[in-house]
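Please look through this note with the model open beside it.

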Amino acid sequence: MCRNIRTLFNFDPPATEQEIQAASLQCLRKITGFNKPSHANEAAFNTAVAEVAEASMRLLRSLETSATPKNREEETAKARARAAERFGLEPSAN
């Protein structure tokens with residue numbers, strides 16, 4: 001799984017269209033191996049990104065859970081702590 005793609009379900013506030021678009025772009029970059037597609041592939045790539053983003057939005061809006069929504073700041077802090085432990089770094093305060 002691409003490390004740059006973040007979980008977007010069950011957050012308060014919900015994931016934004018920009019976050020969903022960015023995750024879709026990262027997913028398709030991983031699938032295709034393109035950081036930036038060639039001019040010949042650009043239209044197909046951009047269409048696929050839009051379709052994946054649209055499907056992802058529909059999915060996220062239709063999912064249900066009884067769990068309480070996650071807090072973005074707390075999840076970010078946990079991720080930084082895991083990274084610091086994994087890589088032996090000082091946790092960042094950003």
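1. Basis. This is a predicted model, in which local features need pLDDT of at least 70 and side-chain atom pairs count only at pLDDT 80 or more, while totals for chains, interfaces and linings use all residues. Residues are numbered from 1 along each chain as its sequence is written, and side-chain values use heavy atoms, with hydrogens and water left out.

2. Helix H1. Helices here are DSSP runs of H or I, at least four residues long, numbered from the N terminus. H1 covers residues 17–32, and its end C-alpha atoms lie 22 Å apart, which agrees with the 22 Å that its 16 residues should span at 1.5 Å a residue. The expected span is 1.5 Å times one less than the number of residues. After H1 comes Gly33, which has a positive phi near 80 degrees.

3. Buried side of H1. Buried means under 20% relative accessible area, exposed means over 50%, and partly exposed is in between (1.4 Å probe, protein chains only). By that rule Ile20, Ala23, Ser24, Gln26 and Leu28 of H1 are buried. Helix H2 (39–62) is included in what covers them.

4. Ser24. Ser24 counts as buried because its relative accessibility is 2%.

5. Nonpolar core. The term stands for a set of buried Ala, Val, Leu, Ile, Met, Phe, Trp, Tyr and Cys residues joined through side-chain atoms within 4.5 Å. The largest such core has seven residues: Ile5, Leu8, Ala15, Ile20, Ala23, Ala53 and Met57. At least two residues of this core come from each of H1 and H2. Apart from its neighbours within four places in sequence, Ile5 is in contact with Ala23, Gln26 and Cys27.

6. Helix H3. The 16 residues of H3 reach 22 Å from first C-alpha to last, close to the 22 Å expected at 1.5 Å a residue. At the start of H3, a side-chain oxygen of Asn71 comes to within 2.9 Å of the backbone nitrogen of Glu73. Just after H3, Gly88 has a positive phi of about 65 degrees.

7. How many salt bridges does the structure hold? There are three, each being a side-chain nitrogen of Lys or Arg within 4 Å of a carboxyl oxygen of Asp or Glu. One of them joins Arg72 to Glu19, with the closest N and O atoms 3.1 Å apart. Arg72 lies in helix H3 (residues 72–87) and Glu19 in helix H1, so this pair ties together parts 53 residues apart in sequence. Glu19 is partly exposed, at a relative accessible area of 28%.

8. Salt bridges within helices. Glu54 pairs with Arg58 in a salt bridge whose closest N and O atoms are 3.1 Å apart. These two residues are four residues apart in helix H2, so about one helical turn separates them. Glu54 is partly exposed, with a relative accessible area of 48%. The side chains of Lys78 and Glu75 also meet in a salt bridge, at 3.3 Å from N to O. Lys78 and Glu75 are three residues apart in helix H3, again about one helical turn. Lys78 is partly exposed at 44% relative accessible area, and Glu75 is partly exposed at 24%.

Terms used. Contact means heavy atoms within 4.5 Å. A polar contact is a pair of N or O atoms within 3.5 Å; within protein, one must be able to donate a hydrogen and the other to accept it, and residues adjacent in sequence count only if both atoms are side-chain atoms.
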